[in-house]
Every structure is written in structure tokens, then in C-alpha cells.
Amino acid sequence: MSEKSTGAHATPADAELIGADKTLLIVDDDGPFLRRLARAMEARGFTVEIAESVAEGIAKAKTNPPKHAVIDLRLGDGSGLDVIEAIRGRRGDTRMIVLTGYGNIATAVNAVKLGALDYLAKPADADEIFAALVRRQGERVELPENPMSADRVRWEHIQRVYEMCERNVSETARRLNMHRRTLQRILAKRAPK
């Protein structure tokens, strides 16, 4: 999350975009990211609750269903899809955004079918998340200034297949028609920009 994104302060326009019910539940198991995002969203005018697991997210959704939610799809104790279903079971008008950090577009699309408004690839900054939460239905999304490079798209695809193969390098290499050692070198590197 960029520094610019964490320093924003609520403006009257932000409050109008958010609406009367300012409750926001953020569910992510990356503690530092979760706390930075919570501070940034509070600065923009939301009343924020946080959860670091599926179980905690479901419990908070059942106790106090939020008007807005930002949910990571992949959590340490399960899938964010379970949190989405719990929220939808309690409140039908929640505006939910899904974060996905491992390039699993198919799962993100499934989340949208369950009721999420949109999905964003991690690392998403607070400005992107805020814009997605308050975007009106039918409003066009601006094209990103810096779209993913071809190397990043390739890396995301490899990561998705690797996850689908339950992190089995040999099976992933076979499905991608790639030499196993080449795949291991790619997996050992950081994601390209």
C-alpha cells in the first residue's frame, strides 16, 4: 500500500460516497497490511472492524453484518468465500470487494457470483480499494496507469496452476508442459512488476 494511500483524510465528498451506514469489515490474514488498510479506511470515514481469519470474519459478520466489506480470498484457515456467504446470509445490501493475491481469477469470479462487487489483485492500495467500494453500479472502471506486464501475467498464470495442483511442482510442470527445474527457478523468484 503506498504512503500516499495511508495518509488520506475524510472529506465531505468521501462521506457522501460512503453513505449513512459507514460500517466496514476487513478480513485479511496479513496483519501489517490489515492494520494499514484499516487506518487508511478509518481516515476516509469508515467505521472499521478487522478479522484475521475466516472464523473471526464469520463471527463478526453474524454479530454485526457490515454495509461494506473487503475480504481476502485466501486466508490461513480457509477461503474468504465462506465469509462472503456468511455476510450475504445476514445482509443482502453489503458492498463487498475481494482481494486476491495469487492470481486465481476463477475463484475471484466465483466470489463475484456469490455477491462481491468486484475483485482486486494484491497488492491493491487504499485508493483503489476505496474507489471500488464506493463505485456506483454501471460506473466504468478507469484503465490502470501501469497495467500488469506480460512477465507478471505469465507469473500469475503459473501461480494459479501451481495452487490448483496443490503446490505440487511435478504436476504443475507437467500441466504447463514445462521442465520441472525451470518451474522451480520461476517459483523461487519474486513476482515481476
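Modeller: UniProt positions are given here in the numbering used for this structure, with feature names shortened, and such annotations may be inferred rather than shown by experiment. An unreviewed UniProt entry carries the annotation "modified residue: 4-aspartylphosphate", and that annotation covers Asp72. The model is predicted, so local features need pLDDT of at least 70 and side-chain atom pairs count only at pLDDT 80 or more, while totals for chains, interfaces and linings use all residues. Residues are numbered from 1 along each chain as its sequence is written, and side-chain values use heavy atoms, with hydrogens and water left out.

Asp72 lies in strand β3, residues 68-72. Strands (E, at least two residues) and helices (H or I, at least four) are DSSP runs numbered from the N terminus. Asp72 counts as buried because its relative accessibility is 3%; buried means under 20% relative accessible area, exposed over 50%, and partly exposed in between, with a 1.4 Å probe and protein chains only. Leaving aside neighbours within four places in sequence, Asp72 is in contact (heavy atoms within 4.5 Å) with Val27, Asp28, Asp29, Gly80, Leu99, Thr100 and Lys122.

Asp30 lies in the loop between β1 and α3. Its relative accessibility is 35%, so Asp30 counts as partly exposed. Asp30 and Asp72 are 42 residues apart in sequence and 9.3 Å apart in space, C-alpha to C-alpha.

Strand β3 belongs to an open sheet of five strands in the order β2-β1-β3-β6-β7, with parallel pairing. The edges are β2 (47-51) and β7 (118-121); each has a single partner strand, so one side of each is left without a neighbour in the sheet. Two strands pair if DSSP finds at least two bridges between them. Strand β6 (residues 95-100) pairs with β7 in the parallel sense over four bridges. Thr100, one of the contacts of Asp72, has Ala121 in β7 as its bridge partner.

Two helices pack on this sheet. Helix α3 touches β1 (23-27), β2, β3 and β6, and its direction makes about 170° with that of β2. Helix α7 (residues 126-134) touches β1, β3, β6 and β7, and its direction makes about 145° with that of β6. For these angles, axes are lines fitted to C-alpha atoms, for helices over the stretch in contact, and values run from 0 to 180 degrees between N-to-C directions. The buried residues of α3 are Gly31, Phe33, Leu34, Leu37, Ala38, Ala40, Met41 and Ala43.
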